[in-house]
Amino acid sequence: GNEGITFCSWNVKGINEPIKRGKVVAHLKAIKADVIFIQETHLKKDAEQGLKAKWIDKTYHSSFTHKSRGAATLFRKGILFKHTSTITDNDGRYIVVIG
């Protein structure tokens, strides 16, 4: 049946540390969220790959130059979404994913 889409918003207060990041991603999988909005990722641009997982289809991230701020939007596999554009803040405070 059609169960709709489940949204989740979470201020993770930093997931730069791999063990914490793994626990956050595992919890998001367990609660079966379809579209996830994460605040305060504290990930640098080169660490954004850490938000990837087999069950996540699309990942969009806005980061800052230091290990602070950061926002991300994740889409579970199977969620129909056609990305057209992304608006990010140079200070890593927000991300707008348009589709």
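**Briefing: a sheet with a helix packed on it**

Strands β2 (residues 35-39) and β4 (residues 71-76) run antiparallel and are joined by 5 bridges. Strands are DSSP runs of E with at least two residues, helices are runs of H or I with at least four, and both are numbered from the N terminus. This is a predicted model, in which local features need pLDDT of at least 70, side-chain atom pairs count only at pLDDT 80 or more, and totals for chains, interfaces and linings use all residues. Residues are numbered from 1 along each chain as its sequence is written, and side-chain values use heavy atoms, leaving out hydrogens and water.

**The sheet**
- Four strands form an open sheet in the order β1-β2-β4-β3, with mixed pairing; two strands pair if DSSP finds at least two bridges between them.
- The edge strands, β1 (7-11) and β3 (56-62), each pair on one side only.
- Gln39 has Ala71 in β4 as its bridge partner.

**The helix**
- Helix α1 (residues 18-30) packs on the sheet and touches β1, β2, β3 and β4; contact means heavy atoms within 4.5 Å.

**The whole protein**
- The protein has 1 helix and 6 strands.
- From the N terminus on, the elements run β-α-β-β-β-β-β.
- The C-alpha atoms fill a box of roughly 45 × 30 × 20 Å along the principal axes.
- Of the 99 residues, 37% count as buried, meaning under 20% relative accessible area with a 1.4 Å probe, protein chains only.
- Among contacts between residues at least 6 apart in sequence, 52% join residues at least 24 apart.

Terms used. Axes fitted to C-alpha atoms, helices over the stretch in contact; angles between N-to-C directions. Buried < 20%, exposed > 50% of the residue type's maximum accessible area, 1.4 Å probe, protein only.
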